[in-house]
Amino acid sequence: MPSLVEGAQATARSVRAVVGGLMIKILHSADWQIGLRAKHVANVAEAVRGARLDAARNVIQSANRLGVNAVVLAGDIFEDTSVGDRLVHQVVTILAESRVPVYVLPGNHDPLTPDAVYLRASWRQRPEHVRMLDTSVAVPVPGTDAVLLPAPLRQKTGLKDPTSAWIQREEADGIRIGVAHGSLRIEGKHSPDDFPIALDAVARSGLDYLALGHWHGQYIHGERTAYSGAHETTKFGEDGSGQALMVEIPSRGALPQLTPVPTRSLTWRLLELDLNQGTELEAARVHEHVAGIKDPARTLLRLRTTGASSDEDTSRLAALEESLWGKGFLHIELDRRDVARTKAEGRLAELSLSSGLLATLLEQLGAQAVSGQTSAPDVIRPAARQLLSELVMEVWK
């Protein structure tokens, strides 16, 4: 049973929470990677680099609009230590527009090495409210009872959990927010030298929230740990990027409320074309999809083909790509992952010679897939055709 003293302390904490003494609201972002070379889209690399600065402005403008207490940048603000001073000045100018403190953690792209960006004169000219999280000492957030527990990186790779130095303090009344950069130790989602972070880091360190950087897709683990995601998409297929996280914590021990905040400047669209379904049909589907894109001039488009194709399909795809360029997209690329039908079917024929069962199956499926006989139900033929196509692709691998 709690003592009178413990009860009084709990009551005091509740009162402070009600009047706002413990409440904190931050905007969590990471992985800006300003100075990204973008060699994978070399023809529009300059536009992609500029978009990352635009998205950085969106982060700060969102923070000002949402009325947060602080902006927390969990690492990799710069692409590497070789970025030019002009870019550093541009970032400083953007951060200077924040109405609240901005806390910057060095990540694995911009670690605290002897040649770190954060040791340059161009960075030291930043305003006072842009603050470095360059030690493991707890940092109070003005206007709140919260503290930030930083885990700055001092090298590009590492085997040690950057949060391992944090020690739980049972007596702490204030909200505790950890800020780190690395990979949660989830099977299949991290490598040993990727600063692996223990899944119990929150419980072990008595945190109310753990703000992470390193993974570019927004990812929430449990109730108190999250990657904000990169503020701007870096490449095709990078799901969950292009946003930040608003984090609201009403009091010590309360669950944080996490709200995604869009910040991206460009849109990266990946469309799959299954040539087994017919190139003309898939092209029509693509045109229908892109008709709904409101700003093609700020959209990068990748068409990824699968299935088996013929020479005629190649010319049809070229015509599709040309027609899309006419719609004013920033970037279009064709990612051919289909297999020439003659090669795939030749390989399948080779395998069927060694298996009577496979040969019989192919004969039956092929007949049902291509037959025009009314005795083959319409529901059977598409399924047979799809199964045959998948079998062709599988044996070709």
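**A walk through the predicted model**

In strand β7, the residue that forms a bridge with proline 150 is valine 179, where helices (H or I, at least four residues) and strands (E, at least two) are DSSP runs numbered from the N terminus. This is a predicted model, in which local features need pLDDT of at least 70 and side-chain atom pairs count only at pLDDT 80 or more, while totals for chains, interfaces and linings use all residues. Residues are numbered from 1 along each chain as its sequence is written, and side-chain values use heavy atoms, with hydrogens and water left out.

The pairing of proline 150 belongs to a set of four bridges that join β6 (residues 147–150) to β7 (residues 176–181), two strands that run parallel; two strands are taken to pair if DSSP finds at least two bridges between them. Both strands are part of an open sheet of six strands, with the order β5-β6-β7-β10-β12-β11 and mixed pairing. The edges of this sheet are formed by β5 (139–140) and β11 (219–221), each of which pairs on one side only. In the loop between β5 and β6 lies aspartate 145, which is partly exposed, with a relative accessible area of 34%; the scale used here calls a residue buried under 20% relative accessible area, exposed over 50%, and partly exposed in between, with a 1.4 Å probe and protein chains only. Aspartate 145 and glycine 174 are 29 residues apart in sequence, yet their C-alpha atoms are 4.9 Å apart in space.

Histidine 214, in the loop between β10 (209–213) and β11, has a positive phi of about 130° although it is not a glycine, and at 16% relative accessibility it counts as buried. Phenylalanine 195, in the loop between β8 (183–184) and β9 (196–197), also has a positive phi, near 50°, and is buried with a relative accessible area of 6%.

Strand β16 (residues 299–306) has parallel partners in both β15 and β18. Eight bridges join β15 (residues 267–274) to β16, with leucine 271 standing opposite leucine 303, and six bridges join β16 to β18 (residues 331–336), where leucine 301 has isoleucine 332 as its bridge partner. Seven of the eight residues of β16 are buried, so that the strand is mostly covered. Together with helix α6 (residues 279–290), β15 and β16 make a right-handed β-α-β unit; a crossover is right-handed if, with the strands pointing away from the viewer, the path from the first strand over the helix to the second runs clockwise.

Helix α7 (residues 311–325) has 15 residues, which at 1.5 Å a residue should span 21 Å, and its end C-alpha atoms are 22 Å apart, which agrees; the expected span is 1.5 Å times one less than the number of residues. Within α7, Asp313, Leu317, Leu320 and Leu324 are buried. Seen down the axis, the buried residues of α7 fall within an arc of 60°, so they line one face of the helix, the arc being that of the directions from the helix axis to the C-beta atoms. The face turned away from this buried side carries the exposed residues Asp311 and Glu322.

In soluble globular proteins, nonpolar side chains tend to be buried together. Here the largest nonpolar core has 32 residues, and those with the most contacts inside it are Phe78, Leu95, Val104 and Trp123; such a core is a set of buried Ala, Val, Leu, Ile, Met, Phe, Trp, Tyr and Cys residues joined through side-chain atoms within 4.5 Å. Among the elements that each supply at least two residues of this core are α2 (45–66), α3 (85–96) and β13 (243–249). Valine 104 touches residues that include Leu73, Ile77, Leu95, Tyr118 and Trp123, not counting residues up to four places away in sequence, where contact means heavy atoms within 4.5 Å. A second, separate core of 21 residues includes Tyr103, Ala146, Ala226 and Val247.

Helix α3 also holds aspartate 85, which at 37% relative accessibility counts as partly exposed. Aspartate 85 touches Arg120 and Ser122, not counting residues up to four places away in sequence, and its C-alpha atom is separated by 8.5 Å from that of arginine 120, 35 residues apart along the chain.

For the chain as a whole, the secondary structure comes to ten helices and 19 strands, and 50% of the 397 residues count as buried.
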